[in-house]
Amino acid sequence: TNPVFTGIDTTVFETMSRLAMTHGAVNLGQGFPDVDGPEDILQAAARALLEGPNQYPPMLGVPELRQAVADANNRFYGLDIDPLNEVLVTSGATEALADCILALVSPGDEVVLIEPLYDCYLPLVKRAGGVPVRVRVTPPDWNLDRQALRNAFSDKTKAILLNNPMNPTAKVFTEDELQFIADLCLRHDAYAICDEVYEHLVFDGKAHRPLMVLEGMRERTVRIGSAGKTFSLTGWKVGYVTGPASLLDPIAKAHQWVTFTTPPALQKAVAFGLRKDDGYYHGLARDLMAKRDRMAQGLSALGFAVLPCAATYFLTCGIEGLGLGRTDIEACETLVRQAGVAAVPVSAFYGSDAPTGYIRFCFCKREQVIDEALARLSAFL
Ligand code: PMP
Ligand code: GLN
């Protein structure tokens, strides 16, 4: 028999969640809130489930969700999106990423990726036959090396895959950096695939700015969002892609062979959620910011070198001098087995030659859970 392809590893999130379970650890590894999102959205889903129909919805998504996604793009970013031809609903941002890469990347095409990168990017690009070209943002301040980014673009560049706000660095790209990226895309006639699942989890009173709004980018950018993040319902796996019809059309064709659709009751409830008032969106960011601060203060007091966090669910920290092990992987093993706290090694977000002195903690947890984790770390260190 043919050998089974072994180039696909188990994701670090699953590995760490399993370890956390085995060791009864507080799980600050995989990124998910420990309180479900708004009751009224859950009720909208329950109603839609009972009322039905529970049959295949339209391939592009139920009309009310496509309209709600288009309206949200206008409300938050002033983007004018045609709900009929420029929105696709997917089973999570993960499926959206797969669809975009399958549709836009052909064998031999170069795809620019910024490390540290979300863990499905590299395997997806490689499986599509694409050639990943990696550049870095570097700790502790996660600045973008512009010269390296300029050098990464060539006449073979098909696209850049940009995660903004960025996991695991919690970085928000500056206006200058976005303009620099946009200029490179325009100069090299490249697409931008923008993973913006953390668009509403931006802190300190700031607002997200999509690359798509920059001059000349509307026609070459696809923007990916996730109801999992926006409504603290990560298990629902409802995502959406917004982009010009010329790109949405092939992406929808990829989608038809991947999942074809997403459960209709969840789509309808997400449409309801997207129409929630500004108070909801501000409250989401405000609550998460308080958790960020609680966790950052506690970790700093214990000697972790906590890096700045402008967005997302995550804090990254330097571990030097804490005696947790020689590498971030050893440190995470020590912490999950001996301290009873699961984190994620930041080196898992690199293709090779990763820095090994940083780990990531997820802070979207109840206060008592954050405090319990800090108490366990304190007792161990
Ligand atoms: N992109 C990034 C950067 C993520 O952190 C995640 C996971 N939370 C996803 C995509 C996947 O989102 P979803 O759960 O909607 O598939
Ligand atoms: N995005 C989540 C994280 O970074 C994980 C999602 C998953 O497990 N696939 O922790």
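The questions and answers below concern a predicted model of a protein chain with ligands.

Me: What ipTM does the predictor give the complex?
Reply: The model is predicted, and the mean pLDDT of the protein chain is 96. Of its residues, 98% reach 70 or more. For the complex, the predictor gives a pTM of 0.97 and an ipTM of 0.98.

Me: Which element of the protein chain has the lowest confidence?
Reply: Confidence is highest in strand β7 (residues 191-195), at a mean of 99. At the other end, with a mean of 90, is helix α1 (residues 12-22).

Me: How many residues of the shell around ligand 2 are nonpolar, polar and charged?
Reply: Ligand 2 is surrounded by Thr11, Phe13, Gln30, Gly31 and Asn167. Phe counts as nonpolar, and Gly is counted among the polar residues. The shell therefore divides into 1 nonpolar, 4 polar and no charged.

Me: What span is expected for helix α2?
Reply: Helix α2 covers residues 39-51, which is 13 residues. The expected span is 1.5 Å times one less than the number of residues. From first C-alpha to last, α2 reaches 18 Å, close to the expected 18 Å.

Me: Why do the buried residues of α2 lie on the same side of the helix, and what arc do they cover?
Reply: The buried residues of α2 are Ile41, Ala45 and Ala48. An α-helix has 3.6 residues a turn, so residues three or four places apart point the same way.

Me: Which exposed residues does the face of α2 turned away from its buried side carry?
Reply: The buried side holds Ile41, Ala45 and Ala48, and what covers these residues includes α10 (264-274). The face turned away from that side carries Glu39, Gln43, Ala46, Leu50 and Glu51.

Me: What kind of peptide bond joins glycine 52 and proline 53, and what is its omega?
Reply: Glycine 52 follows α2 and has a positive phi, near 65°. Proline 53 is in the loop between α2 and α3 (63-77). The bond joining glycine 52 and proline 53 is cis, with omega about -5°.

Me: Where does proline 116 lie?
Reply: Glutamate 115 and proline 116 are joined by a cis peptide bond, with omega about 0°. Proline 116 lies in the loop between β3 (110-115) and α5 (121-127).

Me: Is lysine 237 buried or partly exposed?
Reply: Lysine 237 lies in the loop between α8 (227-230) and β9 (239-242). Its phi is near 55°, a positive value in a residue other than glycine. A buried residue needs 20 or more other C-beta atoms within 10 Å. Lysine 237 has 19 C-beta neighbours inside 10 Å, so it counts as partly exposed.

Me: Is threonine 312 buried or exposed?
Reply: Threonine 312 has a positive phi, near 75°, and is a residue other than glycine. Its place is the loop between β10 (305-306) and β11 (314-318). With 29 other C-beta atoms within 10 Å, threonine 312 is buried.

Me: Which residues does alanine 331 touch, not counting residues up to four places away in sequence?
Reply: Alanine 331 is in helix α12 (residues 328-339). This residue is buried, with 22 other C-beta atoms within 10 Å. Apart from residues up to four places away in sequence, alanine 331 touches Ile319, Leu324, Gly325 and Ile359.

Notes: Residues numbered from 1 in each chain as written. Chains lettered and ligands numbered in written order. Predicted model: local features only at pLDDT ≥ 70, side-chain atom pairs only at ≥ 80, totals over all residues. Near = placed C-beta within 6 Å. pLDDT = per-residue confidence, 0-100. Helix = DSSP H or I, 4+ residues; strand = E, 2+ residues; numbered from the N terminus. Buried ≥ 20, exposed ≤ 12 C-beta atoms within 10 Å, placed from the backbone. Contact = placed C-beta atoms within 7 Å.
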